[in-house]
Amino acid sequence: MTQLALVIDLNVCVGCHACVTSCKEWNTSGWAGPMTDQRAYDEDPTGTFFNRVQTYEAGVFPHTETYHFPKSCLHCEDPPCVPVCPTGASYKREDNGVVLVDYDKCIGCKYCSWACPYGAREMDEKQRVMKKCTLCIDRITDMTLPESQRKPACVLACPTSARLFGDAHDPNSVVSIAIREEGGYALQPEWGTKPANHYLPRRKTRIQIHEDELVRADNPLKKEQLPSLPEGGETLDDVAW
Amino acid sequence: MHPAFSVIFLTTLIGAGQGLFLALYTGQLYSLANLLPVQRDKFYAVGSLAAIALLIGGLVASVFHLGRPEKAWRAATQWRTSWLSREVIVLPATMALTFLYGLLHYLGWTDPLFVISETLPVDLTLIIGALATLATFLLFLCTAMIYASLRFIKAWYSPLTVANFLFLGVASGFMLAAAFSAYLGNNLVSFYGTWAVVATLLGAITRGFSLYRNTRFRCKVDLKSAIGVHHSDLHQKAQGFMGGSFNTREFFHGKSEGFLLMLRYGFLLMVFVLPVILIVLAYILESTRLPMAAFVIQYFGLLIERYHFFTEAKHPQNLYYQSMA
């Protein structure tokens, strides 16, 4: 079975919000739209977004590390939001594992948002139904697009290629390799929801060098460890001809 | 969680309605066993009407919770997995059976259909009442399990939630039955009052435990696990927006600790202490007004209790919305 997933590389993400704007741009006019805004130019603006980039800081200045953290639906393999839905509007696609909402069935009771520990679902104030990341389902399944374009808008927009997209169940896909080889992890794994999306951690390229490795203890020519000169200066015996 | 007034009214109104029906049916069973004087059918008919009115009131309140109430019928389809869907089925069933129970009494169709062991005459109201009782208990279970089945919200994820909904609903229903009897001036006030006090005290025990539990537990996940950065000193600098979002509106109550403390003492007093005192006083003074006051005070107390129930719940998504710099 296919399980489409995103892998987000926190080592690379610079927090530019290009994924946020491209997501809204694509989806507001697509299958999942409209993603309405309220009071967009007023004091307290708000609106529907499928993807947000948050920023966290670890440590105390000057020893800090800034993490830009893109946050969207994780398309769990065992999604807790699906069984609680009273109308069956919330469902997980059998063929590719994407968790979706059928807006024609959704009654806007918000129960799925209570059941999601990640806060991935939002109530659209205009349509009064629950919305969430669709992995750009209308784009990735559109066979009229060339294959290179059959990716979520956020993945195509990311200027640093921090977002990878592929089938997490195919061991040779770009996402599976990244998860396996770059230390990919799931969010809040304690719940057992098995999120399909994974994150790649910060990675530092450091090598361990021990003191004794800088000096060759068994150097036959004693190049690094020049013996101190005997008292009275060099003799003929000390010089190898 | 942000307290949803539609749900607060839904759960308290149907709780009182269900409790009132249980009180009526209990009264009928007792009189069948000659433990209580037999009431006229009109008593059960009017009482059932009041119970129906409360159930309808709850249903109307619940409509305000929905974004798209015109599609609400669809909510009956996923009863295999969703407690909310089960409630959507059991609530109308309870209403229908309660209505039928009242109607049979109103029409006076109470001639025994058959007699068991030559002592227990079984009429139609007894059978329909038994079915309605089953539906009523199922409805308590469904309503409570909507909250108690959410494993991420630890404050609700407990059998205590079911016990609280049951005992507090039964308490307010019996309290209302006592008030109703006092209004009619019949001799069931002390019977209903006694059971109302028993249910209230049972509710005090379970609600007390859940309050105690909810002040002590620690959430299973923290920010480290939420974003996967294992640093002991993590702070949020930006939430991804400068205004609010659904995430900041739906899952935060935004009330101060002092206000919540006031609510806590308020509902403990109004739900558990005052009604019991008033019922005892009513028994001593043989007053007809005090049971009514007891019901009204307890109902308003239950509204506060349900509000507090929402504020107790800490949703793990709140980890992502800790601060905005």
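Predicted model: local features only at pLDDT ≥ 70, side-chain atom pairs only at ≥ 80, totals over all residues.
So, what covers the buried residues of α2 in chain B? The cover includes α1 (5–32), α3 and α5 (159–184), each from chain B. The buried residues themselves are Y44(B), G47(B), S48(B), A51(B), I52(B), L54(B), L55(B), G58(B), A61(B) and S62(B). If you look at that list and wonder about the spacing, remember that an α-helix has 3.6 residues a turn, so residues three or four places apart point the same way. As for the helix itself, α2(B) runs over residues 41–63, which makes 23 residues. From the first C-alpha to the last, α2(B) reaches 33 Å, close to the 33 Å you'd expect at 1.5 Å a residue.

How confident is the predictor about chain B? The mean pLDDT there is 94, and 100% of the residues of chain B reach 70 or more. Within chain B, helix α4 (residues 124–148) gets the highest confidence, at a mean of 97, while strand β1 (residues 114–116) gets the lowest, at 84. For the complex, we have an ipTM of 0.91 and a pTM of 0.90.

Okay, on to where the two chains meet. Chain B puts 44 residues into the contact, and chain A puts in 45. On the chain B side, the elements giving two or more residues are α3 (83–107), α7 (223–227), β3 (234–238) and α8 (246–250). Which of these gives the largest share? That's β3(B), with five residues. By type, the chain B side splits into 18 nonpolar, 19 polar and seven charged residues.

Let's stay with β3(B) for a moment. Strand β4 of chain A, residues 51–58, is joined to β3(B) by four bridges, and the two run antiparallel. If you want a spot to look at on screen, find Y56(A), which stands opposite Q236(B) in β3(B).

Now step back to the sheet. Three strands form an open sheet, in the order β5(A)-β4(A)-β3(B), with antiparallel pairing. Why is one side of β5(A) and of β3(B) left without a neighbour in the sheet? Because β5 (65–72) of chain A and β3 of chain B stand at the edges, each with a single partner strand. The twist from one strand to the next averages 35°.

One last piece, on the chain A side. Helix α1 of chain A, residues 18–28, lies across β4 and β5 of chain A. Relative to β4(A), α1(A) runs at about 165°.

Definitions and conventions. Residues numbered from 1 in each chain as written. Chains lettered and ligands numbered in written order. pLDDT = per-residue confidence, 0-100. Contact = placed C-beta atoms within 7 Å. Nonpolar A, V, L, I, M, F, W, Y, C, P; charged D, E, K, R; others polar. Pairing = 2+ DSSP bridges. Expected span 1.5 Å × (residues − 1). Buried ≥ 20, exposed ≤ 12 C-beta atoms within 10 Å, placed from the backbone. Axes fitted to C-alpha atoms, helices over the stretch in contact; angles between N-to-C directions.
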